[in-house]
Amino acid sequence: ADIPVIPDLEEVQEEELAMQVAAPPSVQVNRVLTYHDLDKDLMKYAAFQTLDGEVDLKLLTKVLAPEHDLREDDVSWNWDHLFTEVSSELVTEWDLGHSEREE
C-alpha cells in the first residue's frame, strides 16, 4: 500500500514558486511635500475645490485651520498617573451625582 510515487515536474515547480517571496518594490523619493506646499496646491487646483463635481469645497478650504494651530508638543504618558487621575475624576463625578440625588 505504501508505494513511493515520483512527483511530476509541474508539482515540484509549483512547490518552488509557493516558497518564493517577491522582492519589495523600490521607490525613489526625491522630495517630501510640506504642509505649506500641500496648502498651496489645495488652493491652486480646481480639482480639490469640488467633490464629485457637485459639492463645492471652496468654503471648507477657506476655514481649514493652519498647520501651526494644529501642532502640539509630544507629552509622554505615565500609565499609573493617568489611571489615578481618570479614576479620581470619575469618583468625584459619581460622588457629586450621588449627593445630588440624595438632596
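These questions and answers cover a predicted model of a protein.

User: In which element is confidence lowest, and in which is it highest?
Analyst: Across the protein, the mean pLDDT is 78, and 80% of residues reach 70 or more. Where pLDDT is low, the predicted coordinates should not be read in detail. Strand E1 (residues 50-51) has the lowest confidence, at a mean of 66, and the highest, at 89, belongs to helix H5 (residues 79-102).

User: What pattern does the protein follow along the sequence?
Analyst: The protein has five helices and two strands. Read along the sequence, their order is α-α-β-β-α-α-α.

User: How far does H5 reach from its first C-alpha to its last?
Analyst: H5 has 24 residues. At 1.5 Å a residue, 34 Å is expected. The computed reach is close to that, at 34 Å.

User: Is Leu59 buried or exposed?
Analyst: Leu59 sits in helix H3 (residues 58-62). Its relative accessibility is 63%. Exposed means over 50%. Leu59 therefore counts as exposed.

User: What is the area of the nonpolar surface patch that includes Leu59?
Analyst: Leu59 makes this patch together with Leu60, Val63 and Leu64. The patch covers about 420 Å².

User: What share of the residues counts as buried?
Analyst: The accessible surface comes to about 10,700 Å², with 57% belonging to carbon and sulfur atoms. Buried means under 20% relative accessible area. Of the 103 residues, the share that counts as buried is 5%.

Note on methods
Residues are numbered from 1 along each chain as its sequence is written. This is a predicted model: local features need pLDDT of at least 70, side-chain atom pairs count only at pLDDT 80 or more; totals for chains, interfaces and linings use all residues. Side-chain values use heavy atoms; hydrogens and water are left out. Patches are made of residues with over 30% relative accessible area and no salt bridge: like charges are joined within 9 Å, nonpolar side chains (Val, Leu, Ile, Met, Phe, Trp, Tyr) within 5 Å. Accessible areas come from the Shrake-Rupley method with a 1.4 Å probe; for residues, only the protein chains shown count as cover. A salt bridge is a side-chain nitrogen of Lys or Arg within 4 Å of a carboxyl oxygen of Asp or Glu. Helices (H or I, at least four residues) and strands (E, at least two) are DSSP runs, numbered from the N terminus. Buried means under 20% relative accessible area, exposed over 50%, partly exposed in between (1.4 Å probe, protein chains only). pLDDT is the predictor's confidence in each residue, from 0 to 100. The expected span of a helix is 1.5 Å times one less than its number of residues.
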